[in-house]
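The structure is shown below.

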Amino acid sequence: MSQTHSTDSTDGTANETPDAKLRASDLELRYANVGEPVVDCDTLVIPEGEITALVGPNGSGKSTLLRGLARHLAPAGGDIVLDGRDIADLGDKEFARELGLLSQENNAPGGLTVEDLVHHGRYPHKGFFDGRTTEDEEAVERAIELTGITHLRDEDLGNLSGGQKQLVWIAMTLAQQTDTILLDEPTTYLDLHHQLRVMDVIHELNEERGATVCVVLHDLQQAARFADYLVALRDGQVYDWGPPEDVVTEELLADVFGVDAAVDFDDGDPRILPRRALDR
């Protein structure tokens, strides 16, 4: 594989690796009907208490990798460790209390209100016959408040726009109250207002609760602006890993995305100016 980001300091020493919340080693993920592995990753680190964005072109393995980290796809090889424990050794509810996932596509039964759906995020903390507790109500209230959907709490889900629904699904994930949250393309198909609202919620969650967030994003400039670390994937392998200013380069745009572009960081904000598509 090609993992280019290993040493990059002026004195030639290796960059200090932050504490890992999630770590994958020798990871191989594949689907039953696909011969070659979709993801083949020597090492992956999701730093604790930071926002990490998975970036790369379509088909690079971003969503598959997230599914593996969330235990929705069992590894064909290697292991995934959460807080020092192999995720395969955790019970279903125990794992759900530690890690929450927002998938790309979500469907809810008809007739549910916003508040009803957000309460579904409390399932890892409850027994089969348990009613709603004060702790449940407080967690749901905080999730609704954080995502800015208080005015929608009594609305039927079927009456909401796509952007509003996405915020409700995020609220449900937040109500799980996990220390680690995985989000698969949460801003796709949203208008700019709702894209920024979603990213603000992710940032506030990280700042207020110290949550570890791993998010798949298509917009490289958005990822570089909001994330503390980037993982750039190409053909199911980690091409580069590190802070945005180290990862987002003209070489990356060419090698990974097939784009000739100028890259500049102004006071930490990235500016990417595409010139032309490159032949692959």
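Which residues in α4 meet which residues in α5?

## Packing of α4 and α5

On the α4 side the contact is made by Ala139, Val140, Ala143 and Leu146, and these meet Ala171, Leu174 and Ala175 in α5. By class, the contact comprises seven nonpolar residues, with no polar and no charged ones. The model is a predicted one.

Helix α4 spans residues 134–146 and helix α5 spans residues 162–175. Their axes come within 8 Å and cross at roughly 140 degrees. The crossing of α4 past α5 is right-handed.

## Glutamate 115

Glutamate 115 lies in helix α3, which covers residues 114–119. Its relative accessible area is 17%, so glutamate 115 is buried, the cut-off being under 20%.

Leaving aside residues up to four places away in sequence, glutamate 115 touches Glu137, Val140, Ile144, Arg153 and Asp154. Val140 is also one of the α4 residues that meet α5.

## Cysteines

How many disulfides does a search of the whole structure find? The search finds zero. A disulfide is a covalent bond between the sulfur atoms of two cysteines, and the criterion applied here is a pair of cysteine sulfur atoms within 2.5 Å.

For cysteine 41, the closest cysteine sulfur is that of cysteine 214, at 11 Å, which is too far for a bond. Taken from the other end, the closest cysteine sulfur to that of cysteine 214 is in cysteine 41. Cysteine 41 counts as buried because its relative accessibility is 2%. Cysteine 214 is buried as well, with a relative accessible area of 1%.

Key. Residues numbered from 1 in each chain as written. Predicted model: local features only at pLDDT ≥ 70, side-chain atom pairs only at ≥ 80, totals over all residues. Heavy atoms only, no water. Buried < 20%, exposed > 50% of the residue type's maximum accessible area, 1.4 Å probe, protein only. Axes fitted to C-alpha atoms, helices over the stretch in contact; angles between N-to-C directions. Helix = DSSP H or I, 4+ residues; strand = E, 2+ residues; numbered from the N terminus. Left-handed = near helix turned anticlockwise from the far one by under 90°. Contact = heavy atoms within 4.5 Å. Nonpolar A, V, L, I, M, F, W, Y, C, P; charged D, E, K, R; others polar.
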